[in-house]
Amino acid sequence: MTTPTPLKAVTLTHVRYQKGDRMGHFLAWVSLVPVFISLGGFVSHFIFRRELQGMFFALGLIVSQFVNELIKTSVQQARPATCALLEMCDSHGWPSSHCQYMFFFATYITLLSARGLSFWHVRDNLVLHLLTWSLAVLTTYSRVYLGYHTVAQVLAGTALGTFLGAVWFWVVNAVLHPYFPVIEESAFGRRFYVKDTSHIANVLKFEYDMARAQRRNAASDSKSD
């Protein structure tokens, strides 16, 4: 009789917790925040906004994950003993990719705000930062609590994510940003309506005012006809 081929789960979405553990259930959902950001956030961002800053932000997260996989493959540090219950012993644990992702994300968002690039007023950014860093810290805690990583593995992920987030922010805004107008005017930029609004202090207010002005102009034109 042929032995069935063992099944392997997608590690990014395959999150387990002890049955009846409400805290574990909550933290399991917290562990999925990177998935929500990637699929819900950046994909919808490209479809509806197509901002160069956001597109390079997403590219940085992808680069960060490639770096994470490269390090994991090189170091090959095992996960904690609880990996047997989680069916994760065939993957490596150092550094934690979830923590690296979230701290890259939080660092980049914070630096964007510090540079004056944001959609909201400063006081609203404080709420955004509190939420972002809280989710990053909760993700770190969840990976240890649920048994996917050791403390050392999540600390390595947080440190690497913070470092790469800061470096990538510098690359985008000091090296690549001068070329944003070129990308806007390129065939790609014109075809997909790619834009850069980093020179606008409050993008939401700007778009709100422009939409109202356009509606008033349209109403005025219809009356004159």
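**Confidence, cores and backbone of a predicted chain**

This is a predicted model; the chain averages a pLDDT of 84, and 88% of the residues score at least 70.

Q: Where in the chain is confidence lowest, and where is it highest?
A: The lowest value belongs to helix α4 (residues 83-86), at a mean of 74, and the highest to helix α7 (residues 151-176), at 95. Where pLDDT is low, predicted coordinates should not be read in detail.

Q: What makes the largest set of nonpolar residues a core?
A: A nonpolar core requires buried residues of the nonpolar kinds, joined through side-chain atoms within 4.5 Å, and buried means under 20% relative accessible area. The largest such core has 25 residues, and those with the most contacts inside it are Ile37, Phe42, Phe57, Leu61, Phe104, Phe105 and Tyr108. Helices α2 (33-48), α3 (52-75), α5 (97-114) and α7 each supply at least two of its residues. The largest share, nine residues, comes from α5. A second, separate core of 11 residues includes Val15, Leu27, Ala28 and Cys83.

Q: Which residues is Leu61 in contact with, leaving aside its neighbours within four places in sequence?
A: Contact means heavy atoms within 4.5 Å. On that criterion, Leu61 touches Phe42, Tyr101, Phe104 and Phe105.

Q: At what angle do α2 and α3 pack, and how far apart are their axes?
A: The angle is about 145 degrees, and the axes lie 10 Å apart. Helix α2 passes α3 in a left-handed crossing. On the α2 side the contact is made by Phe42, His45 and Phe46, and on the α3 side by Gly54, Met55, Phe57, Ala58 and Leu61.

Q: How do the residues of the contact of α2 with α3 divide into nonpolar, polar and charged?
A: Six are nonpolar, two are polar and none is charged. Gly counts as polar in this scheme, so Gly54 of α3 is placed with the polar residues.

Q: What is the phi of Gln76, and in which loop is Gln76 found?
A: Phi of Gln76 is near 55 degrees, again positive in a residue other than glycine. Gln76 belongs to the loop between α3 and α4.

Key:
Residues numbered from 1 in each chain as written. Predicted model: local features only at pLDDT ≥ 70, side-chain atom pairs only at ≥ 80, totals over all residues. Heavy atoms only, no water. pLDDT = per-residue confidence, 0-100. Helix = DSSP H or I, 4+ residues; strand = E, 2+ residues; numbered from the N terminus. Buried < 20%, exposed > 50% of the residue type's maximum accessible area, 1.4 Å probe, protein only. Axes fitted to C-alpha atoms, helices over the stretch in contact; angles between N-to-C directions. Left-handed = near helix turned anticlockwise from the far one by under 90°.
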